[in-house]
Amino acid sequence: MRMWRLSTALVSVLVLVAGPASSSHLPHNGKTWALLVAGSSGYENYRHQADVCHAYQILRGNGIPDEQIIVMMYDDIANSNENPIKGEIINEPGGSNVYVNISKDYIGDAVNASTFLAVLRGDKEAVTGVGSGRVLESGPHDHIFVNFVDHGAPGLLAMPTDVVYASNLLSTLQDMSAKSKFAKMVLYVEACESGSMFDGILPDDTNIFVVTAADPAESSYACYFDDFRRAYLADVFSAMWMQDAEQEDLSRATLHHQFETVRTRTNTSHVEEYGDLNVGATFVKDFIGALPVNSFRSAIRHPLRDVVSSRDVPIEVLKRSIRAEKDAAKKHVLRQKLHRMNKHRKMMSTQFRAIIESVIKSKDKLNTVFNTRKQLRNLKCYEKLVQAYHRYCYNIAQNSHALGHLYKLVNVCEMGLEAELFVHSIKSVCERNSSAGFLTDHVI
């Protein structure tokens, strides 16, 4: 087996779920299971699939059997027309091809919220005839490692066509715990505002330990722009935890030690932790494996560069492509695309303001909605408004910029305002704008 350098790629959320007893070792006869998910599609999201492919190579190189690893990725990057080297994905500057020999269980439209949750909870019946049909077949003595990488917003993680809500993820984890599906589980999630999936939502008495790449109100960040591929190769937090995982002896390093190291090195967002912090005493090797003692190599610590908010990646890719393009005609096309993208973003902001102002007339309340960040508590109200916006306005899974506006819906719900009034306003404003050619399905 070829030894892979641990890449620098995932702005992640680290969730650790522990069973009834906390221990620093894998229980006797226990197995390590892994679910690796890249929840986006499109070449502009190159780094997400690169993250997951590299994570796969790391686990395989560290001795986790392929039959205990499940991979979900849209698989439209390696052989994309935009990829100059077909069949190759790299995750760090000058890195190895992390796409080689990867085993993919669910690709294309099979990468969705319901499939993810079914695979996680071990529901074979729910994925009959879908992809490989494999699920986590874990039991009470097993450890589970989940790596989820994609865009996010308050209380949700995006998938290619839909979203995973915090309430659905929480209920799945609680169901798994009740059915003794694990001894401990670790979940790394890459997403903007990832802390909001757990902050005030995940109980602190369920033996679940969570580390998020970003707090509930901030973006995650991409890094390492590749001029040849015209893509960002990695995300900052992932870059940091992967480099640390290769530089450390994972048979001695604990999850909490890695958290402290990565939190210090991640200077673009606030790495946070939630849940039962005692679980952090577990060794990292019990979730991602480890090389034999004295055989691991130090990763190259690439200095962070080309750092940009994940939601601004499409804009920055176009700007860099325009600067690099020598052909005048192609440069003109790129400039037009950038102009349309900026125009759509402004239109989206105008649209959101119209939705809110059609219901709220008070200047003080409007100021609260647009200029504050309330903690998400009313999940039912919020999810109802998000679903309405997704249905009548934009496919939020395909529009990362739209995700950046959803905090306003959190504020509406936490202010105790009538949800139905906003559902009506969303429908009215967006249907009117759609008939006028206002809306677009393009990623912006």
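Modeller: A polar contact is a pair of N or O atoms within 3.5 Å; within protein, one must be able to donate a hydrogen and the other to accept it, and residues adjacent in sequence count only if both atoms are side-chain atoms. This is a predicted model, in which local features need pLDDT of at least 70 and side-chain atom pairs count only at pLDDT 80 or more, while totals for chains, interfaces and linings use all residues. Residues are numbered from 1 along each chain as its sequence is written, and side-chain values use heavy atoms, with hydrogens and water left out.

Colleague: With which side chain does the side chain of E383 make a polar contact?

Modeller: With that of S167, at 2.7 Å. E383 belongs to helix α10; helices here are DSSP runs (H or I, at least four residues), as are strands (E, at least two), numbered from the N terminus.

Colleague: Is E383 buried or exposed?

Modeller: Buried means under 20% relative accessible area, exposed over 50%, and partly exposed in between (1.4 Å probe, protein chains only). E383 has a relative accessible area of 11%, so E383 is buried. Contact means heavy atoms within 4.5 Å; not counting residues up to four places away in sequence, E383 touches Y165 and S167.

Colleague: Which residues touch the most other members of the largest nonpolar core?

Modeller: A nonpolar core is a set of buried Ala, Val, Leu, Ile, Met, Phe, Trp, Tyr and Cys residues joined through side-chain atoms within 4.5 Å. The largest has 78 residues, and F116, Y389 and L406 touch the most other members. Helix α10 (residues 379-392) supplies the largest share, eight residues. Leaving aside neighbours within four places in sequence, the contacts of F116 include L35, M72, F148 and L169.

Colleague: At what angle do the axes of α4 and α5 cross?

Modeller: Axes are lines fitted to C-alpha atoms, for helices over the stretch in contact, and angles run from 0 to 180 degrees between N-to-C directions. The axes of α4 (residues 236-247) and α5 (residues 255-265) cross at roughly 135° and come within 9 Å. Residues making the contact include F237 and W241 of α4 and V262 and R265 of α5.
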